[in-house]
Amino acid sequence: MIPKGSSKLDWEVELGIVIGQHARYLSKDKALDVVAGYCLANDVSERVFQIERAGQWTKGKGCETFGPLGPWLVTKDEIKDPQNLNMWLDVNGEKRQRGNTHTMIFDCRHIVWCCSQYFALEPGDVIITARRRGSASA
């Protein structure tokens, strides 16, 4: 749904890392042990709300229907290498993004490890990865 006053709606396909067990202060070599699986995430943003109106990310990313996940959860054992997944985004049948998780600045292991150093991870938490901007252009 496009929010009232929206003028710079944007979207990015990203990988969601779904946490399967309580964890905090993980070692890097154990970070992926707490992952239940992976899903697609659509990082929808209204850039004017986010950037041009006092710079709060929540205003641009928290609108109704933004941030959909799925439609499937793929368990960790089904993914041999989360750093080699093709991902794409079509909007109304038009190609918008094509890319691969190998272009991520930080790999999944590092991201889960890093998050666990700052807050407790709980089953069902989803970490939405950020990918290098411009790496998935159509």
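**A first stop: the loop with Pro 71**

Pro 71 sits in the loop that runs between helix H2 (57–61) and strand E3 (74–75). Helices (H or I, at least four residues) and strands (E, at least two) are DSSP runs, numbered from the N terminus. This is a predicted model, where local features need pLDDT of at least 70, side-chain atom pairs count only at pLDDT 80 or more, and totals for chains, interfaces and linings use all residues. Residues are numbered from 1 along each chain as its sequence is written, and side-chain values use heavy atoms, with hydrogens and water left out.

**Backbone details to look for**

- Gly 70 and Pro 71 are joined by a cis peptide bond, with omega about 25°.
- Tyr 25 is not a glycine, yet it has a positive phi of about 50°; its place is the loop between E1 and E2.
- Tyr 25 counts as exposed, because its relative accessibility is 60% (buried means under 20% relative accessible area, exposed over 50%, partly exposed in between, with a 1.4 Å probe and protein chains only).
- Asn 92, also not a glycine, has a positive phi of about 50°.
- Asn 92 belongs to the loop between E4 and strand E5 (94–100), and it is exposed because its relative accessible area is 82%.

**Inside the fold**

- Which residues of helix H3 (residues 108–118) are buried? They are Cys 108, His 110, Ile 111, Val 112, Cys 115 and Ser 116.
- The cover over the buried residues of H3 includes strand E1 (9–19), strand E2 (35–46) and strand E6 (126–128).
- Leaving aside neighbours within four places in sequence, Cys 108 is in contact (heavy atoms within 4.5 Å) with Leu 15, Ile 17, Leu 32, Tyr 38, Pro 82 and Gln 83.

**On the outside**

- Ile 128 is found in strand E6 and is partly exposed, because its relative accessible area is 37%.
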